[in-house]
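Here's a quick briefing to keep beside the viewer.

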Amino acid sequence: MSFFRVLTLFFLTSLGYQAFSQERRFISGEVVDASNSEPLVGANVYWEGNSTAGVVSDLDGKFQLEAIDFPNKLVISYVGYEKSVRIISAKEAEKSIRFFLKPDEMSLDEIIIQERRPDEQVKNMEMGKSTVPIETIKNIPALFGEVDLLRSLQLLPGVKSAGEGTTGIFVRGGSADQNLVQLDGAPVYNPSHFFGIFSVFNPDGIKSVDLYKGNMPASFGGRAASLIDVSLREGNNKQIRGEGGIGSISSRLTLDGPLFGKNSTFIVSARRTYADVFLKLSSDENLKNNKLNFHDLSGKLAFVLNDRDKITVSSYQGSDFLGLDEEFGLGWTNWVSSAAWSRVHSEKFFFDLEGYHSRYSYSVEFEDPDNGFEWTNKLSESGLKAIWTFLPDSKTELNWGIHSQYYNFAPVDLEPAPNSAIEEIVTNPKNGLLNNLFISGQYAFSPKLSVEGGLRWGLFSQVGKGVDYLYEGGVPGPDVEVSDTLSYGTLEKMHAYQGLEPRIAFRYLINEQFSVKTAYNRNFQYIQIASNSSAGLPIDRWILSGRYIEPVRSDQISVGLFHNFNQNRWEFSVEGYYKDLDNVIDLRNGAQVLFTDQVETELLAGKGWAYGVEFLLRKNVGKTTGWLAYTWSRTWRKIDGVSRNEAYNPRFDRPNDLTLVLNHEFSPSWSAGLTFVYTTGQAVSYPVGSYEVDNQSVPLYSDSRNLDRFPNYNRMDASVTWKNADKGRKWRGSWNFSIYNLYGRKNPFAYEFRTIYNDDINFEPSDGEIISAKPGVVMTYLFTFLPSLTYNFQF
Amino acid sequence: MAILCWSCQEEVTLPLGEKEELVPTIEGYWTDQSVFNEVRLTLSKDYYDSLEVTVIDDAQVSITVASSGRLIPFIFLQGSGLYRPANPQDRAIVGESYQLNVKWKDNVYASEGLMLQPPKVDSVTWNYEEERVFRDEGYYIKVYGQIPFTEDNNYRIKVIENDTLKNGREDYLLFDDTFGLQFFEEGLELGYAFEENDKVRLELFRLNRNAFEYLNQLVNLLYNDGGLFSPPPQNPDTNITVIQGDPEVLGYFVVTPVLSQTVIITDEDD
């Protein structure tokens, strides 16, 4: 075809197109509710700047509007819905167009108002409770762009992080294993991926997260420091909807909708990383065969049986896997399932029944012809909880119930590979049965003075099948001989503890915007992790209370002032607390806990205490939201056999802790987030000298633990979100660009004290001739100026 | 791996505390072979001090035979900076307990150990192996032997390659019976890729538990990177007690049999 013929054809088609568009006088379309696809009757439809010449949608949500020049902006507005403005091209005008309007209540500010009553912090009885709306969590600048629930909680007053990049949290002086992290009522034993860098919760599938910093309701218990209560979202009952995201590390997708009609719903969420996909692209054969990934899969079904009964079933499964060259593998899995039945007997009487099963397992495989093995371990907790709620009058609320828990910590299972010279390791299982009765009540003496009291009674029994060792002199130790071994049959009682756990709280309302509260709370904890490192590992060993290990006891007293102002737009609170801990454990020097059947010989036990003041100024509504938090706190441990038997600060004792979280919505399309964190450095031990032994230069440490401090930690993160302006389309996308550690601060992750050869920290003696050697300090730091980009979508 | 790519390291200088009094370090070996019998006494130093440690040369060192009370005196040898038995014929005898005695200034230290029976080493072989996970290609030595003991199974193997002791933190070959001892009968492979004509000397020690634990704790400390996944650093628990004087002392005392063998790697296993 010659150039001339092409040109002729182009002009002909262009003219024809123009002639066609001039002939068409109207555009047609339909306006529907984005949340359920139902037609919206009476929506205003007009060209921008010409509202008087508009039309309204009919009974079917349909409209016809006289066309004008294209492209042009068409405006759709409807009371109670967000206005939609969409550029209509001539091509689009040829067909009927559907416009999806979002109800106003789907906007961020309104969601926050719905989740918390504006004056809730002043008027309710709760102390030490923090609620962060999921939408707020999603707006916090995130490491690798991965929105992270537990890392967001670290920004709250009274909550400390273990260190850079980890999701382990320490609440009011409690250690990481003293937090009960539960998903729809079922405990999650290892709530982290990638050795603690990410938490297991996919934010798209989460409805809410409540953090109780010690003052748990009587219906909860079993952990000394906190309750992190995460609820999975229920699906909507109108239509199939979806949301997800594509990020630097992982992608995620959530689908929800009606299941069998409007009385049952479903939601499923999935997330997977793809680091191993990149590894496969590597030209290095060693890297190519490595694997590193995690995934999450969660789902929830909800059935409304009738006006009074509702049943929900939820499940979560998440796994990590690290594989090296198909010869070494480490994987771990959480599988948590729960079911709940809620019944409304009457307007004053309610009943809830929950059952759950949580299982955590890990596996280490080593494929070696001489020394190969597969080492697996698993633990599980099953529970049943029944709660009755009675509201006799407007001033009184009563709750009571029963909670039974069964723990099964399987024996270490180390299976040698065929022909392996390694021998099998045999240990005994550990089982526990914990039955709790609880009752709590709330009563308003007057409009100003209210009291909430609760009592939880726990009866814990370590039960068979299992073995107890008796030691010479009665006290276990690494050098103490075993004098006898006692074997127990299935469910036979081995050792029992019981304890009352009272809670009481008072609130005095000084005026509508100002209240004073005080609370006391006792908790017992019957399981602990036998570890003395600050960050958890997937192979950490959980242990049960028994003959030699007493349950942890925690007593906390707190006082607080709560003030709202500027029509509840701002919240201010000051809370002070003192916590006393008993029977916390540590490990003796050089303890080996993973394979021993006599873990009690490796443990030390002692006391702890913590105190602090937490300030929080928070703004929940408006274009700018966020909070400013400052905590001053101290944490102590005193354990015989550690630090000359004197009190010492654990690593997470960080007296000053300042956090600023800001989010600002510049326009419907643009918003930005900013986070700033400042904390005192971690409490650590530096050497006070060195010495030579066994041909090694060895750092010499003081017998007193953690007398030194890392430098202060500070970091600023920022993010910008751009949402495609709402054009009434079903697909809504947004881009999030975030930078972790905006000003590239080198916050130390670790200091290593070692000999530096040839003035090169990477030089090893085996690398070549040693010209010089000197004692040195090597700092490791993570994540300086780390940008990430995420695309999020909803449909 | 992706995470590790985002971590960096650099050398820094931290202000560190100092000991008011330098701490004496005692390292004693009492074996059935006189060449190994020695006691080294040194002082700790400031961390950044790159000079050699100070050797204590004015201490009184001896070993007492528990059953007879016989005292075996040690003398300081200026050349080596070590204390050795005045009579080189004195050595440890299986089944006997020994006490190390050190007196320095006003301080008196002591430590005890039991001389255990050595295991049996049947043979030492080597084979050329292709590259494997965590292991380069090269000649690998296997030690075959028998350990008939039901207790006190705490062993250390030292490897000396071409007259140089392998003494990095990764070179500590310490094993007990946690995973059984069958692997010793079926051949314990040493994790070194040797080359042809390498002269390799192996030394096998059977330790008392407290000395074995000292070495385990020492290795843990050498691997302690000060990070979140490491336990708080602590000095290894010494098995030396202070009888009198300043309560601080470092180091350990070992009573052990020694089995040693030297091989020269050739292209075919002998």
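How many bridges join strand S11 of chain A to S12(A), and do the two run parallel or antiparallel? Two bridges join S11(A), residues 179–183, to S12(A), and the pair runs antiparallel. Keep in mind that this is a predicted model, where local features need pLDDT of at least 70 and side-chain atom pairs count only at pLDDT 80 or more, while totals for chains, interfaces and linings use all residues. As for labels, residues are numbered from 1 along each chain as its sequence is written, and chains are lettered from A and ligands numbered from 1 in the order in which they are written.

- Strands and helices here are DSSP runs, numbered from the N terminus: at least two residues of E for a strand, at least four of H or I for a helix.
- Two strands pair if DSSP finds at least two bridges between them.
- S11(A) and S12(A) belong to an open sheet of five strands in chain A, ordered S8-S15-S16-S11-S12 with mixed pairing.
- Its edges are S8(A), residues 129–131, and S12(A), residues 186–187, each of which pairs on one side only.
- Opposite Leu183(A) you'll find Ala186(A), in S12(A).
- As background, strands of a sheet pair through backbone hydrogen bonds, either parallel or antiparallel.

- S36(A) covers residues 552–565, and its side chains alternate.
- One face carries Val552(A), Ser554(A), Gln556(A), Ser558(A), Gly560(A), Phe562(A) and Asn564(A), which are buried.
- Buried means that 20 or more other C-beta atoms lie within 10 Å of the residue's own; 12 or fewer is exposed and anything in between is partly exposed, with C-beta atoms placed from the backbone.
- S33(A), residues 514–525, pairs with S36(A) in the antiparallel sense over twelve bridges, and Thr518(A) has Val559(A) as its bridge partner.
- S37(A), residues 570–587, is joined to S36(A) by 13 bridges, again antiparallel, with Leu581(A) as the bridge partner of Ser554(A).
- The hairpin of S36(A) and S37(A) has four residues between the strands, and Asn566(A) takes a positive phi near 55° there.

- From Gly464(A) to Lys465(A) the peptide bond is cis, with omega near 15°; Lys465(A) sits in the loop between S29(A), residues 449–463, and S30(A), residues 466–471.
- Phe144(A) isn't a glycine, yet its phi is positive, near 55°.
- Phe144(A) is in the loop between helix H4 (134–139) and helix H5 (149–153) of chain A, and it counts as buried because it has 24 C-beta neighbours inside 10 Å.
- Asp694(A), also not a glycine, has a positive phi of about 50°.
- The loop that holds Asp694(A) lies between strand S43 (689–693) and strand S44 (696–700) of chain A, and with 19 other C-beta atoms within 10 Å, Asp694(A) is partly exposed.

**Domains of chain A**

- The assignment gives domain 1 (3–106) and domain 2 (114–794); such bounds come from an automatic or database domain assignment.
- The C-alpha centres of these two domains of chain A lie 50 Å apart.

**Chain B by itself**

- Chain B has two helices and 18 strands, and its C-alpha trace spans about 60 × 50 × 35 Å along its principal axes.
- Of the 270 residues in chain B, 30% are buried.
- Two residues are in contact if their C-beta atoms, placed from the backbone, lie within 7 Å.
- Among the contacts in chain B with a separation of 6 or more, 67% come from residues 24 or more positions apart.
- Ile63(B), in strand S4 (residues 60–65) of chain B, is buried, with 25 other C-beta atoms within 10 Å.
- Leaving aside neighbours within four places in sequence, Ile63(B) is in contact with Trp30(B), Ile72(B), Tyr98(B), Gln99(B) and Leu100(B).

**Where chain B touches chain A**

- In all, 59 residues of chain B are in contact with 64 residues of chain A.
- Elements giving two or more residues to chain B's side include strand S1 (7–12), strand S2 (24–31) and helix H2 (209–223) of chain B.
- H2(B) gives the largest share of that side, seven residues.
- Chain B's side divides into 25 nonpolar, 22 polar and twelve charged residues, where Ala, Val, Leu, Ile, Met, Phe, Trp, Tyr, Cys and Pro count as nonpolar, Asp, Glu, Lys and Arg as charged, and the others, Gly among them, as polar.
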